[in-house]
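Dear colleague,

Please find below the structure that I am handing over to you. My notes on it follow directly after.

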Amino acid sequence: MGIYEDLGVRPILNATGSVTRLGGAPMAEEVLQAYAQAARESVRMDELQAAASRIISEVTGAEAGLVTSCAAAGLTLGAAAILAGFDLRRMESLPDGSGFPDEFVVAREHRNGYDHAVRSAGARFVEVGFDEVRAGAGVRRVEAWEYEAAFGPGTAGVLYVFNDDSRPPLRDVVARAHARGLPVLVDAAGELPPRSNLRDLVAAGADLVVFSGGKGIRGPQSTGLLCGRRDLIGSAAVQTLDQDDHVELWDPPAELIDRSRLKGMPRHGLGRAFKVSKEEVVAFLTALRLFAAGTHDRELPGKRRLLEQIAAGLEGGSVRCSVHIPGNGQGLPALEIALDEKKLGRSATEVCRRLRLGTPPIQVGHALLQEGKLVISPLHLDEERARVLTSRLREELT
Ligand SMILES: *Cc1c(COP(=O)(O)O)cnc(C)c1O
């Protein structure tokens, strides 16, 4: 019996990728060993985060970085840093942002469920642009001048949600924001791979960038990466690190937290609840180094072949298969299986449900169910799992 069966929990065959509700990405053996080793001794968390900052700076090109308890926590801490800076009173009052600039300008087409994390810091959104392409009522996406037109005395910063297709280009938004001295916080949680994004978004001028640690980086699921301007990272660090010490003894590493910018020692901040353990920090850094060195990129051709094998195994049913590679051909490939729902007599949603309830329970990507498609991610698949998946799909689709 496995460790999960002991608890009466059935392991699933994960064909949907690094999603949170199924426990994230698979971790490399080195990452698991790093976690166990890190657990054997005590360290100062501020020193550990300063070391993390150096490594994050190397791999992203940013001035500094912080390991957070996930990308969503990175968004909250990033917003808190922008809202409070090194102002002790503002740190203490968050998430109440009254009495100082607390507005984040965001495009309507960038709004999503994860932006709750930005609002949790106390930010209030001012929306710009429309989503008229999806409304079927126009051809234009949000434009950079619309951000500028919304900037005013209450503006604290900009939230930009990055993907292959996001508009306007990040550089254009950064130019308009920086012209007014406003910082840009970028949510790129799921945009690794491609590995190039680790550096490109910082190079495009973003002041803070957030990546998930438990998606493409394949670190512990409860980790994330916040990187960017040293002063903002310092503010985020002081708002999340434990502050229960004597003022006379407080001695944070200067490279992470510039004490000369603070008028005193803040108390526990808004981010105190987003605790990251020393084991998670070390395991995350191990995963980040593997990812940045291209270890996972070398697996991509093999992952693609697995998807092609699955597709070949489904030929002849009421399906059409195609392999897609996002991120300008550098991302993780995905197999789309388009069903002929009429011929099959069953909807893609129904097939998805039957796979979840079968043995083994199988979870496939569900983003395109409304278009009658199942999506297969190879992240958790090996030859054996691909074989089991193909045979279950054949049962359901032929
Ligand atoms: C996954 C995701 C997040 C949240 O990442 P976590 O590390 O799970 O907190 C935030 N924003 C976007 C766009 C995402 O895809």
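The largest pocket holds about 1,700 Å³ of space. Here a pocket is, on a 1 Å grid over the protein atoms alone, an open set of points where a 1.4 Å probe fits, with protein on both sides within 12 Å along at least five of seven lines; grid points are joined across faces, edges and corners, and the volume is the space filled by probe spheres set on the points. Please note that this is a predicted model, in which local features need pLDDT of at least 70 and side-chain atom pairs count only at pLDDT 80 or more, while totals for chains, interfaces and linings use all residues. Residues are numbered from 1 along each chain as its sequence is written, and side-chain values use heavy atoms, with hydrogens and water left out.

The lining of the largest pocket comprises 48 residues (those with an atom within 4 Å of a point). Nearest the pocket's centre lie Asn163, Gly190, Glu191, Pro326 and Ala367. By class, 20 lining residues are nonpolar, 15 polar and 13 charged (Ala, Val, Leu, Ile, Met, Phe, Trp, Tyr, Cys and Pro count as nonpolar; Asp, Glu, Lys and Arg as charged; the others, Gly among them, as polar).

The chain is divided into domain 1 (3–21 + 296–397) and domain 2 (42–292), with bounds from an automatic or database domain assignment. Both domains give residues to the lining of the largest pocket, so the pocket lies between them. Their C-alpha centres are 33 Å apart, and 13 residues of domain 1 are in contact (heavy atoms within 4.5 Å) with eleven residues of domain 2.

Helix 8 spans residues 170–179; helices (H or I, at least four residues) and strands (E, at least two) are DSSP runs, numbered from the N terminus. Its residues Leu170, Val173, Val174 and Ala177 are buried, that is, under 20% relative accessible area with a 1.4 Å probe, protein chains only. Seen down the axis of helix 8, these buried residues fall within an arc of 100° (taken from the directions from the axis to the C-beta atoms), so they line one face of the helix. The face turned away from that side carries Arg171 and Ala179, which are exposed (over 50%). Among the elements covering the buried residues are helix 7 (144–150) and strand 5 (155–161). Gly181, which follows helix 8, has a positive phi, near 70°.

Val128 belongs to strand 4 (residues 124–128). Val128 counts as buried because its relative accessibility is 7%.
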